[in-house]
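Below is a short report on one protein chain.

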Amino acid sequence: TTTFIIAAASALYAGDFKEIWEKQCTKCHGTDGKGDTKMGKKLKIKDLTDAKMQAEMKADKMADAIKNGVKEGDKVKMKPAEGANDADIKALVAHVRSLKK
């Protein structure tokens, strides 16, 4: 029974991060992470599939961007992921890592 509960909890977390990615991230980053969207181009966001960008972006910095958003001066470039808990943030970082070419 414990294994079932853990598996069910893991599935819930997986669903939460996927919902957050689809509802909050893809508008700019696109489903594939390339940022080839109208808003992504406007904001000149980085291609999350780029190996060089991935190597330069540390996991803690990615997690901070997801949790707290990204500002450039007073301009908000990325809003914080609403409703994301620590497990969701960790799963989102892992998802971004999985996009690498």
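Glutamine 54 counts as buried, at 3% relative accessibility; buried means under 20% relative accessible area, exposed over 50% and partly exposed in between, with a 1.4 Å probe and protein chains only. This glutamine is found in helix H3. Helices here are DSSP runs of H or I with at least four residues, strands are runs of E with at least two, and both are numbered from the N terminus. Leaving out residues up to four places away in sequence, glutamine 54 touches Leu48, Val96, Arg97 and Lys100, where contact means heavy atoms within 4.5 Å.

Leucine 48 has a list of its own, again not counting residues up to four places away in sequence: Trp21, His29, Gly33, Met53, Gln54, Val96, Leu99 and Lys100.

## Model and conventions

The model is predicted: local features need pLDDT of at least 70, side-chain atom pairs count only at pLDDT 80 or more, and totals for chains, interfaces and linings use all residues. Residues are numbered from 1 along each chain as its sequence is written, and side-chain values use heavy atoms, with hydrogens and water left out.

## Overall fold

Five helices and two strands make up the elements of the protein chain. Their order from the N terminus on is α-α-α-α-β-β-α. Of the 101 residues in the chain, 29% are buried. Among contacts with a separation of 6 or more, 52% are between residues 24 or more positions apart.

Lysine 71 has its place in strand E1 and is exposed, with a relative accessible area of 61%. Its contacts, leaving aside neighbours within four places in sequence, are Val76 and Lys77.

## Nonpolar core

The largest nonpolar core has 15 residues. Such a core is a set of buried Ala, Val, Leu, Ile, Met, Phe, Trp, Tyr and Cys residues joined through side-chain atoms within 4.5 Å. Trp21, Leu48, Met62, Ile66, Leu92 and Val96 have the most contacts inside it. The elements that give two or more residues to this core are H1, H4 and H5.

## Largest pocket

The largest pocket holds about 1000 Å³ of space. On a 1 Å grid over the protein atoms alone, a pocket is an open set of points where a 1.4 Å probe fits, with protein on both sides within 12 Å along at least five of seven lines; lining residues have an atom within 4 Å of a point. Grid points are joined across faces, edges and corners, and the volume is the space filled by probe spheres set on the points.

The lining consists of 34 residues, and those nearest the centre of the pocket are His29, Ala65, Val70, Lys77 and Met78. Two or more lining residues come from each of helix H1 (2-29), helix H2 (38-43), helix H3 (51-56), helix H4 (59-68), strand E1 (70-72), strand E2 (75-78) and helix H5 (86-98). H1 gives the largest share, seven residues. By class, the lining has 19 nonpolar, three polar and 12 charged residues; Ala, Val, Leu, Ile, Met, Phe, Trp, Tyr, Cys and Pro count as nonpolar, Asp, Glu, Lys and Arg as charged, and the others, Gly among them, as polar.

## Cysteines

A disulfide is a covalent bond between the sulfur atoms of two cysteines. With the cut-off set at a pair of cysteine sulfur atoms within 2.5 Å, a search of the whole structure finds zero disulfides. The sulfur of cysteine 25 has its closest cysteine sulfur in cysteine 28, 8.9 Å away, which is too far for a bond. Cysteine 25 is buried, at a relative accessible area of 15%, and cysteine 28 is also buried, at 17%.

## Loop residues

Two residues in the loop between H1 and H2 are described here: threonine 31 and aspartate 36. Threonine 31 is exposed, with a relative accessible area of 65%, and touches Trp21 and Thr26, not counting residues up to four places away in sequence. The C-alpha atoms of threonine 31 and tryptophan 21 are separated by 8.2 Å, with the two residues 10 apart along the chain. Aspartate 36 counts as exposed at 55% relative accessibility; aspartate 47, 11 residues apart from aspartate 36 in sequence, is 8.1 Å away, C-alpha to C-alpha.

Lysine 44 lies in the loop between H2 and H3 and is exposed, with a relative accessible area of 70%. Its phi is near 55 degrees, a positive value in a residue other than glycine.
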